[in-house]
Amino acid sequence: MKVAQLSLNELRALLVGPGLRVKAGPFNLSIRTRLPSLIRQLHSLYSRYSLVEEDEIVEFHVQVIPRRSVRRPFARLIQFEVDGRFPFPPVPLEQALATLEWGVNLVIAARINHFLLFHSAAVERNGHVLLLPAWPGSGKTTLSAMLMYHGYRLFSDEFGLMEPQSGEFYPLPRLMPLKNQSIEVVRNRLPEAMLGPEIPGTLKGTVVHICPTQASIEQSDETARPRWIVFPKWSAGAAVRLEPLPQSEAFLLLATNAFNYEVLGKTAFNAVTNLVRGCECRKLVYSDFDEALAVLNALTDG
Amino acid sequence: MADCEKNIRAEHHQLLLEAIAQPADLVNYNNQQWELLLRLARRAQLSGYLAARLEKGGMLGSIPLRAANLLHSSLIQAKKQQQSVNWELNRVIWALDGREVPLIVLKGMAYLLLDLPNAAGRIFADLDLLVSKEDLNQIESSLLEKGWQHHALTDYDERYYREWSHEIPALVHPERGVEVDVHHTLSSPLGKLKIDPLPFRKAAVRVQGKDIYVLNPEDMLLHCAVNLFQNNELADDLRHLVDFNEMLQFFIYRQPDVFQQKLIERANQLELGNPLFYSLYFSRLLLRSPVSTDLEQQLDRKPGWIARHVMHYCVPLALLPQHPDQPSKRAVLARLVLYLRSHWLRMPLYRLLPHLTYKFYLSVFPGRSTDTGHNR
């Protein structure tokens, strides 16, 4: 059953009561909130997600709750809560959705060690995973949002979830926060995309969430093996370049960017070694998405 | 008293306590029980402990996959933390560079050095050390010289630590982030219960093959008991009672006929009857510890009738985690009582009231402390 099949009242009853139990890739999530604005946003933005089957274990239980501040008695604040803990300070009500999404990412990053968690976008084409690891200013969210509408299946814009022994990657298609200038780019290029409200004033500036395509969410149980690792860099006015990257450099960039590389120790070292050895590693510099798409298509055609 | 308590104990408490007492039964839990148990175990910081038990019994493959994945994740995290603290100890010994400072390792790292049964999967992030007061300056300056730093502290906190507490402000090496807590005594110097650290230091035993020490088994249990019932506020502290009970069973198993007697004698000698009484009492009540009730009857010092009843009611409500979706007001009240008790035991009233007032002020106006923090 999908969230879309719930009426707003049914959804509200879950969110206010026992929790909305919803699938997020390999994890299950329970969300509770009483905030009417957040309930309405989730009603549309979560509509494509499936409810957790009855009697399945839910891993993460999160809440977004209203807060009062003695110092700012008239400000309407909210806070993200997970298992009695508040990892972020209270923020204005308008940022509830962004805080919820970041909070869930934080909980995954902090608690999950049976996967190696790369800080990377990941998409799939022709049955294999293309990893797009974070590189400062890479615009991986924008790039993966665009690719998702051009023949690629979205795994995640944030997490490359790798099962360290098998090397298999797991999709985790969650809402993706577009930031600042990239919002207009996506609005113009992807008029069909489902976008959330504009959330100004977050730590990362103005944010608008884009919902993964129905196909990406529906196939989120289908894992795949990696074949290409491309470090993207958006650079204003640059001509498109796709250059080979030495495996040693790819190793270091991946390992130092992974959330739990150190925690997994030797397991992680072996896993990244095997990953890099089994993949074609490239560096992509681009300014125009169509040019980038053309070279990525050429890379992933075979 | 124990039987009637059992009947009114909340279901979620039973669930967690059963899991600790009978880990072999976990393979029969349904998904609903697992979901709640995992949340409770995380709150009680016992998920690594449960995971280690299941792994040892070869049962991680026989429980639901989602539960196994979360427990496995906790176990990996716990192992990494243990490795980090172990390395920190190595670095501290290196920093002392052969200076004659006998180091007594306390708590989690000590359990690990001795490979005690409660060490597997135990979640801890700090390195706790006991040194003599005379060696305190030596070790502090050696560590500062080699790159460790004090956390940024307000002048108030600094004074709290140095004058009223039993440790110096924590030292952290910025590259590794593991807290090193150097103690010179085992309880607050202002507290009602004065504990002379000298007999503990004298009885400390050398760790095999290393130039460091740990407390002897009786003292290790007494220190655990003192921390639980003297120094801490008991909220969500079940894991320390689990430590106590696991170690107690282990040492009894190793010295079957004599250990219990040695423990009682040592407690009487050091006048630590009260915390040992409570530790034995609640181990039996909550963890089904098989030790006989005769044991605590031999203690010279025991809590009075009223204190015992108040503690019997309050301690389980504080030690055991709250139900994550249905917090109980009774538990909040019990925790408040024990919070005040712990401060009452640690400080005289004329110090306690200003201290709590100051802490309350900070909770309303965080970041508006009387002095700005500074790095020393």
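**Figure 1. Residue A:Q63 stands opposite A:E81 in β4(A).** The model shown here and in the other views is predicted. Strand β4 of chain A covers residues 77-82 and is joined to β3(A) by six bridges. The strands β3(A) and β4(A) run antiparallel.

**Figure 2. Strand β3 of chain A also pairs with strand β2 of chain A.** Strand β2 takes in residues 27-33 of chain A, and strand β3 takes in residues 60-67. Five bridges connect β2(A) and β3(A), and these two run parallel. A:I31 is a residue to look for in this view, as it stands opposite A:V62 in β3(A). In what direction do β3(A) and β4(A) run, parallel or antiparallel? They run antiparallel, while β2(A) and β3(A) run parallel. As a general point for reading such views, side chains in a regular strand alternate between the two faces of the sheet.

**Figure 3. Strands β12 and β13 of chain A form a hairpin.** Strand β12 consists of residues 199-202 of chain A, and strand β13 consists of residues 205-210. Two residues lie between the two strands of the hairpin. Two bridges join β12(A) to β13(A), and the strands run antiparallel. A:T202 has A:G205 in β13(A) as its bridge partner.

**Figure 4. Chain A has 10 helices and 16 strands.** The C-alpha trace of chain A spans about 55 × 40 × 40 Å along its principal axes. Does the radius of gyration of chain A agree or disagree with that of a compact globule? A compact globule of 302 residues would have a radius of gyration near 19 Å, and because chain A has 19 Å, the two agree. Of the 302 residues of chain A, 46% count as buried. Among the contacts in chain A with a separation of 6 or more, 69% are between residues 24 or more positions apart.

**Figure 5. Chain A and chain B touch through 17 residues from chain A and 20 residues from chain B.** On the side of chain B that touches chain A, α3 (31-43) and α5 (65-96) of chain B each supply at least two residues. Which element gives the largest share of this side of chain B? The largest share comes from α5(B), with nine residues. By residue type, the side of chain B that touches chain A divides into eight nonpolar, six polar and six charged residues.

Terms used:
Residues numbered from 1 in each chain as written. Chains lettered and ligands numbered in written order. Predicted model: local features only at pLDDT ≥ 70, side-chain atom pairs only at ≥ 80, totals over all residues. Pairing = 2+ DSSP bridges. Helix = DSSP H or I, 4+ residues; strand = E, 2+ residues; numbered from the N terminus. Rg over C-alpha atoms; globule rule 2.2 N^0.38 Å. Buried ≥ 20, exposed ≤ 12 C-beta atoms within 10 Å, placed from the backbone. Contact = placed C-beta atoms within 7 Å. Nonpolar A, V, L, I, M, F, W, Y, C, P; charged D, E, K, R; others polar.
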